[in-house]
Amino acid sequence: MNLGKKAQLTFAIVIGLVLLGIFVVFILISYSDRVDYDDPELVKKELEVYMQNCMKYNAETALFYIGLYGGYIEPTGETIEKFNQEIVYLRKNNIPLPITDDIVKEQLSSYIEDTMQFCNKVFNSYEKHGYYVDTGKFNAQISFNELDTTLMINYLITITQSGVTESLDSFTFKIPVSMRKILDTSSLIVNNEDIDITLLNDLSIKTTVLPYEDALVYVLEDKGSILLNQPYKFMFAVS
């Protein structure tokens with residue numbers, strides 16, 4: 001990838017982080033206004049809701065980029081420039097380079113962990129009200145299911161005031177995106193060099209094939225998977 005393309009991609013990621021920052025600031029303002037800091041149990045419940053919503057938003061953002069760039073948040077290896085963006089080859093010169101569950105899960109987990117700094121800004125509000133906040137290690141367990149993507153985030157948060165400590169350590173949520181179906185479909189296409197167009201028509205996912213120079217760009221659209229109020233799209237290139 002040349003420097004111009006790299007800068008373009010990095011700019012797209014930066015814009016995403018800026019939007020994330022704006023989202024967090026908005027949520028922080030509304031959150032701070034409604035929390036009763038004199039009630040430790042209520043404080044814990046409100047914090048749990050806030051952190052889970054923030055993590056879920058980060059995960060949704062990560063899945064958006066994963067679909068946009070062919071399984072990667074920041075593409076690596078061979079790419080093609082289409083729609084003014086970088087799309088990863090999942091088959092190059094008839095050699096399959098399939099995206100795996102582990103690759104996508106690692107991308108998703110790393111993005112959520114890296115953006116926890118934005119979620120953690122809420123701790124400033126607690127400290128202003130006499131709380132001491134501490135955090136532990138981050139770990140994400142991710143399952144790609146037939147109807148959704150399930151995430152269980154293990155992330156210890158302790159809040160202490162006047163010798164009383166409350167803690168949170170697990171956050172579980174679902175995103176209605178079937179990465180299982182998306183990955184299975186992309187694998188079917190990548191591993192079948194001469195795939196029959198009638199087979200594509202029989203798939204439950206809408207498949208659009210766009211010729212581009214000596215390659216084909218596949219756009220998978222799953223109307224049963226909704227992300228950011230739109231059917232989920234996953235794009236990749238083959239040659």
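Author: Strand β7 (residues 206–212) pairs with β8 in the antiparallel sense over seven bridges. Two strands count as paired if DSSP finds at least two bridges between them, and helices (H or I, at least four residues) and strands (E, at least two) are DSSP runs numbered from the N terminus. This is a predicted model in which local features need pLDDT of at least 70 and side-chain atom pairs count only at pLDDT 80 or more, while totals for chains, interfaces and linings use all residues. Residues are numbered from 1 along each chain as its sequence is written, and side-chain values use heavy atoms, with hydrogens and water left out.

Reader: Which residue in β8 is the bridge partner of V209?

Author: β7 and β8 run antiparallel and share seven bridges. Within this pairing, the partner of V209 in β8 is Y218.

Reader: Which residue takes a positive phi in the hairpin of β7 and β8?

Author: The hairpin of β7 and β8 has two residues between the strands. The positive phi, near 50 degrees, belongs to E213.

Reader: Is N229, which has a positive phi, buried or exposed?

Author: N229 is not a glycine, yet its phi is about 65 degrees. The residue lies in the loop between β8 (215–227) and β9. Buried means under 20% relative accessible area, exposed over 50%, and partly exposed in between (1.4 Å probe, protein chains only). With a relative accessible area of 73%, N229 is exposed.

Reader: How many residues of strand β2 are buried?

Author: Strand β2 covers residues 85–92 and is mostly covered. Four bridges join β2 to the antiparallel strand β1 (residues 79–82), and two bridges join β2 to the parallel strand β9 (residues 230–238). Of the eight residues in β2, the number buried is seven.

Reader: What is the bridge partner of K92 in β3?

Author: β2 and strand β3 (residues 95–96) pair in the antiparallel sense over two bridges. They form a hairpin with two residues between them, where N93 has a positive phi of about 55 degrees. The partner of K92 in β3 is I95.

Reader: How many salt bridges are counted?

Author: A salt bridge is a side-chain nitrogen of Lys or Arg within 4 Å of a carboxyl oxygen of Asp or Glu. One of the pairs is K44 and E166, at 3.9 Å from N to O. This pair links distant parts of the chain, with K44 in helix α2 (residues 40–68) and E166 in strand β6 (residues 164–175), 122 residues apart. By the rule, the salt bridges number four.

Reader: What is the relative accessible area of D222, whose side chain meets K181 in a salt bridge?

Author: The side chains of D222 and K181 meet at 3.9 Å, N to O. This pair also links distant parts of the chain, with D222 in strand β8 and K181 in helix α6, 41 residues apart. D222 is buried because its relative accessible area is 2%.

Reader: Why are R180 and D184 separated by about one helical turn, and which residue is linked with them in a network of salt bridges?

Author: The closest N and O atoms of R180 and D184 are 3.2 Å apart. The separation is about one helical turn because the two are four residues apart in helix α6 (residues 179–190). R180 is buried at 19% relative accessibility, whereas D184 is partly exposed at 42%. The residue linked with R180 and D184 in the network is D101.
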